[in-house]
Amino acid sequence: MKRVLVINGPNLNLLGVREPGIYGSLSLASIEDNLKKQAESLGIHISFFQSNHEGHIIDRIHDAMGESDGIIINPGALTHYSYAIRDALTTVKIPVVEVHMSNIHAREEFRHKSVVAPIAVGQIAGFGDGSYYLALDAMGRHLESGK
Ligand code: CA2
C-alpha cells in the first residue's frame with residue numbers, strides 16, 4: 001500500500017472559519033475526512049500534518065523519509081519564498097504534488113511565483129477543496145506509473 005502524507009502550512013488551520021469567499025466554507029478537518037475516504041477507495045494509506053511554523057514543517061518533511069511514498073503539500077504563503085521547504089523536499093527525494101485552493105496565478109503578483117513548483121511533479125491550483133482531491137488522484141496515478 002502506498003503511503004501519502006498531506007502537509008498544510010501557515011493559516012490553513014483557519015479554513016472554514018474565515019474568508020469563505022476565497023477559500024470556501026469547509027474546515028481543514030472536513031477536507032481531511034474527505035481525503036481519507038478517497039484514499040480508502042484508492043487503496044492508499046494517508047496521513048496529515050498542519051503547522052504554522054516553517055521549521056516544524058521542515059522537521060515533518062525530514063521524518064517522512066522512509067515513511068512516505070508521496071507528499072501533497074499546500075505550503076500556504078511559504079510557497080512564494082521558502083527555499084528551506086524547497087530544499088527539504090528536494091533532500092528527501094519523495095515525489096511532491098503542490099496544491100493551492102485559490103488560483104495563485106490570478107491573484108496578487110507576489111503569489112504568482114512558487115519556489116516549490118520547479119521541484120514538484122506538478123501543481124494544482126484554483127479548485128477550492130477540489131484541488132486536494134485532484135492532487136490525491138494525481139499522486140495515486142504518479143505512484144502507479146512507477147516513474
Ligand atoms: O490558495 C492557497 O491554497 C494558498 O496556498 C493559501 C495561502 C496563500 O498565502 C497562498 O498564496 C495560496 C493562505 C492560506 C490562508 O488560509 C486562510 C484560510 C482561512 C482564513 C484565512 C486564511
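Predicted model: local features only at pLDDT ≥ 70, side-chain atom pairs only at ≥ 80, totals over all residues.
Residues are numbered from 1 along each chain as its sequence is written, and side-chain values use heavy atoms, with hydrogens and water left out.

**Ligand shell**
- The ligand is surrounded by 17 residues, each with a heavy atom within 4 Å of it, and the closest are Asn74, His80, Met101, Ser102 and Arg111.
- By class, this shell has eight nonpolar, six polar and three charged residues, where Ala, Val, Leu, Ile, Met, Phe, Trp, Tyr, Cys and Pro count as nonpolar, Asp, Glu, Lys and Arg as charged, and the others, Gly among them, as polar.

**Atom pairs and cover**
- A polar side-chain atom of serine 102 lies 2.5 Å from an oxygen atom of the ligand, and a backbone N or O atom of methionine 101 lies 2.8 Å from a ligand oxygen atom.
- For alanine 77, a backbone N or O atom lies 3.3 Å from an oxygen atom of the ligand.
- Of the 510 Å² of accessible area that the ligand has on its own, the protein covers 94% (Shrake-Rupley method, 1.4 Å probe).

**Pocket**
- The space taken by the ligand is the largest pocket, a pocket being an open set of points on a 1 Å grid over the protein atoms alone, where a 1.4 Å probe fits, with protein on both sides within 12 Å along at least five of seven lines.
- Its lining comprises 20 residues, each with an atom within 4 Å of a point, and Pro10, Asn11, Leu12, Tyr23 and Arg111 lie nearest the centre of the pocket.

Notes:
Polar contact = N/O pair within 3.5 Å; in protein donor to acceptor, adjacent residues only side chain to side chain. Sits in = over half its atoms within 2 Å of the grid points.
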